[in-house]
Amino acid sequence: MPAEGQREVIEAALHAVSGVASDHFRGRELVRVVASMPAGHWPAVAGDVRGIAAGLENPQARAGTFTDLVQHVPPADQVGMVRSAQLAAERISHPAARAQALTGVIERLPQHLRADSVERAWRAVVSIPDDRYGSWARAMAELLEHLPAGSGSLPAESVLSAAHRLRDSSRVRALRLVARHLPAARRQEVLARALNDATAIVNKNARVRELADLAPSLPPGQREKVMDLVLREAAGAVTDPDTLLDRTRLLQHLPAKHLPTVLEQLVEELDKPGSRYARARMLPELLDLLSPEHRRAATERLLAEAGAIDQRHHDAGAVTDLIGHTALSHQLDLAGRVVAIMAGVDSGYLQVRTLKALMENVAPEHRRAVAEMCLDAAESIPSPSSRVETLAAAARHLPEQRRESLPDQVLHMIDAITDVPPRAHALGRLLSSQALFSGDLREGRTRELLEGTLADAIALPDGYDRAGSLARLLASVPEEHRNALADQALEAISDERTPAWS
């Protein structure tokens, strides 16, 4: 599209964004428009973008929008965006939200401009009153985590003094994080305090978790002693999911002599009743740390138990992640069980995500058979757009002859969707699928459906829905048709009429 036409489309998109009622969604769509804008158009629309962002009445939305815009504007304008984000953040009345917004600005700034932002964020953090939800501790930890190790802009001694307000895990975490910003001698002193506080934590799960997090920061000799302590403390009856996850992450820091024992303990604990949630969260992470020969053995053992997969979608998701590590002879049976479970889940998003991952994760020689299973399972997906997405994903793994009947089936599904944004989304899925769409829009049912959906999208009264639906459709059509459709859509928007197709 010529540069003049591009500018008109951008201006139309900004006009649509300005009509979105919600401050949150208006800010998010503004960032999306700027992020997708071709290079060279910023000077012409900079004033409009700043005006829309500044017009957000909610200071939290305004601060977040300016912060997110920083990475998408020229370097000369970035500092101004950050300053606008800071001014908006300072207007946020809730102390914890104000601290979070000011902290988020820091990483967008060049190093030489961070000191002032860190000071602003720190003032916001210390203004947070103590509460039973730990808001102050979380805000301080977030600020510390945003700063790279050795940052000279952190008021480290003030942080250390303030850390005495904290208790147990919160204090250990604060000391561990602030130690990264201290000179070597002072760092070891603070880490020693953190280790002393961590070993004094009464709650066993919390104690194991803080010691595991602290161990990699300690000097080598002390690190191994703490790891031994963690392994002894964590052995046996600890099945808290977070503690198991911490022990899994600890594996990469362990001396080789400890690995066989720790892996055996983890596998045994994950086989216990009541550990399904932990298993679903950590199995993929655990298996990535194993050698190939140990990976298959551990997977087969975990899946051998009858309870390894039941009528809960997180177990189905775990098996989907693991299936590629299992023996070929087991994969089709496991895939069938996953498909059966997902048929009973009432979330189209979870169904599509799991079935698509399943088709990708099985061995190549099984993908056609699993794709056939997913075609059958798609019939039970309540959301038409999710059903279309599943069929498009399955078609990639089917032979051409088998795919011939699918486009008409998909078009029939899309035609039955009465709500315009989901129909535009589903049609976009079809047009983006090389397995289902040939790219020919000269005539036929696909063209008719695109014409009608485009006209309906242009007529949507809500700017957010209109912009999203048009963007989805135009991004999906073949490139040789895209410019003509964009011009016609723009003309129709300005004339408030249905486009005339040539």
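Colleague: What volume does the largest cavity have?
Modeller: About 30 Å³. A cavity here is a set of points on a 1 Å grid over the protein atoms alone where a 1.4 Å probe fits but cannot get out. Grid points are joined across faces, edges and corners, and the volume is the space filled by probe spheres set on the points. This is a predicted model, where local features need pLDDT of at least 70 and side-chain atom pairs count only at pLDDT 80 or more, while totals for chains, interfaces and linings use all residues.

Colleague: How many cavities of 30 Å³ or more does the count come to?
Modeller: One.

Colleague: Which residues line the largest cavity?
Modeller: Val339, Met342, Ala343, Gln351, Leu355, Ala377, Ser380 and Ile381. Lining residues have an atom within 4 Å of a point. Residues are numbered from 1 along each chain as its sequence is written, and side-chain values use heavy atoms, with hydrogens and water left out.

Colleague: Which helices each supply at least two residues of that lining?
Modeller: Helix H19 (328–342) and helix H20 (348–361). Helices are DSSP runs of H or I with at least four residues, strands are runs of E with at least two, and both are numbered from the N terminus.

Colleague: What is the lining like by class?
Modeller: Six nonpolar residues, two polar and no charged ones. Ala, Val, Leu, Ile, Met, Phe, Trp, Tyr, Cys and Pro count as nonpolar, Asp, Glu, Lys and Arg as charged, and the others, Gly among them, as polar.

Colleague: Changing topic, how many helices and strands does the protein have?
Modeller: There are 28 helices and zero strands.

Colleague: And how much of the protein counts as buried?
Modeller: 47% of the 502 residues. Buried means under 20% relative accessible area, exposed over 50%, and partly exposed in between, with a 1.4 Å probe and protein chains only.

Colleague: Take H6, then. Is H6 mostly covered or mostly uncovered?
Modeller: Mostly covered, with ten of its twelve residues buried. Among them are Arg98, Leu102 and Ile106. Helix H6 covers residues 95–106 and reaches 17 Å from first C-alpha to last, close to the 16 Å expected. The expected span is 1.5 Å times one less than the number of residues.

Colleague: Why does Ala16 count as buried?
Modeller: Because its relative accessibility is 8%. Ala16 is found in helix H1 (residues 3–18).

Colleague: What is Ala16 in contact with, leaving aside neighbours within four places in sequence?
Modeller: Gly463, Arg466 and Ala467, where contact means heavy atoms within 4.5 Å. Ala16 and Ala467 are 451 residues apart along the chain, yet their C-alpha atoms are separated by 6.2 Å.

Note on methods:
On a 1 Å grid over the protein atoms alone, a cavity is a set of points where a 1.4 Å probe fits but cannot get out, and a pocket is an open set with protein on both sides within 12 Å along at least five of seven lines; lining residues have an atom within 4 Å of a point.
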